[in-house]
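Dear colleague,

I am handing over the structure below, and my notes on what was found in it follow. Please read them with the coordinates open beside you.

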Amino acid sequence: MDETDRRILHELVRDARASLEHLGRVSGLAPSSVKRRIARLEDSGVIRGYTVQLNHRALGTGVKALLAVYVAPGTSRESLIASLSKEEEIVRAWTTAGQSDALALVHVRDTDHLEEVILRLQRMPGFAHTRTQILLTDLVNRGG
């Protein structure tokens, strides 16, 4: 991977629908060369896919929170994944190497809806407790 690949990737992170012509202008390459580079980046696994970014405020789920999840001893990773996957408000989740066992990003309508999600999680087998942080303003978002 060289600097030209990085420029192309930077633009695709900003706008996955950027045209080959635009990517050619920012990278100094012909659109056909950009297309070949993108294919190579996809084949090598650097580009894993393309997504749609939703406007959660417009969808009515503009409140975001991070839930730190603490599980009971003996709870399997598969059980944790299954439980978190049942909650449609959870849009992303990670295991952690910190105090909590996992972090879950949720999008909800309001704080009442957030409380419903938290209470459902806390009632699930294997969940010990949660800690919640409501997110306010995105300061940096590079699409990762």
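**The sheet and what packs around it**

In this predicted model, four strands form an open, antiparallel sheet in the order 2-3-1-4, where two strands are taken to pair if DSSP finds at least two bridges between them, and where helices (H or I, at least four residues) and strands (E, at least two) are DSSP runs numbered from the N terminus. Strand 2 (90–95) and strand 4 are the edge strands, each pairing on one side only. Neighbouring strands of the sheet are turned against each other by 20° on average, direction ignored; angles run from 0 to 180 degrees between N-to-C directions, and axes are lines fitted to C-alpha atoms, for helices over the stretch in contact. Helix 6 (residues 111–123) packs on this sheet and touches strand 1, strand 2, strand 3 and strand 4, while its direction makes about 160° with that of strand 4; contact here means heavy atoms within 4.5 Å.

As for the conventions, the model being predicted, local features need pLDDT of at least 70 and side-chain atom pairs count only at pLDDT 80 or more, whereas totals for chains, interfaces and linings use all residues. Residues are numbered from 1 along each chain as its sequence is written, and side-chain values use heavy atoms, with hydrogens and water left out.

Taking the pairings in turn, strand 2 and strand 3 are antiparallel over five bridges, with T95 standing opposite A102 in strand 3, and a hairpin joins strand 2 to strand 3 through six residues. Strand 3 (residues 102–108) also pairs with strand 1 in the antiparallel sense, over seven bridges, and there H107 of strand 3 is the bridge partner of K64. Strand 1 pairs in turn with strand 4 (residues 127–135), again in the antiparallel sense, over eight bridges, and L67 stands opposite T132 in strand 4.

Strand 1 (residues 63–71) is mostly covered, seven of its nine residues being buried, where buried means under 20% relative accessible area, exposed over 50%, and partly exposed in between (1.4 Å probe, protein chains only). Six of the seven residues of strand 3 are buried, so strand 3 is largely enclosed by the rest of the structure. H107, which lies in strand 3, is buried with a relative accessible area of 9%; leaving aside its neighbours within four places in sequence, H107 is in contact with H56, T61, V63, K64, E89 and V91.

**The helix pair**

Helix 1 (residues 3–14) and helix 2 (residues 20–27) pack at an angle of about 135°, with their axes 9 Å apart. The two helices are therefore oblique to each other, given that angles under 35 degrees count as roughly parallel, over 145 as roughly antiparallel, 65 to 115 as roughly perpendicular and the rest as oblique. The contact is made by T4, R7, I8, E11 and L12 of helix 1 together with H22, L23, V26 and S27 of helix 2.

With best regards
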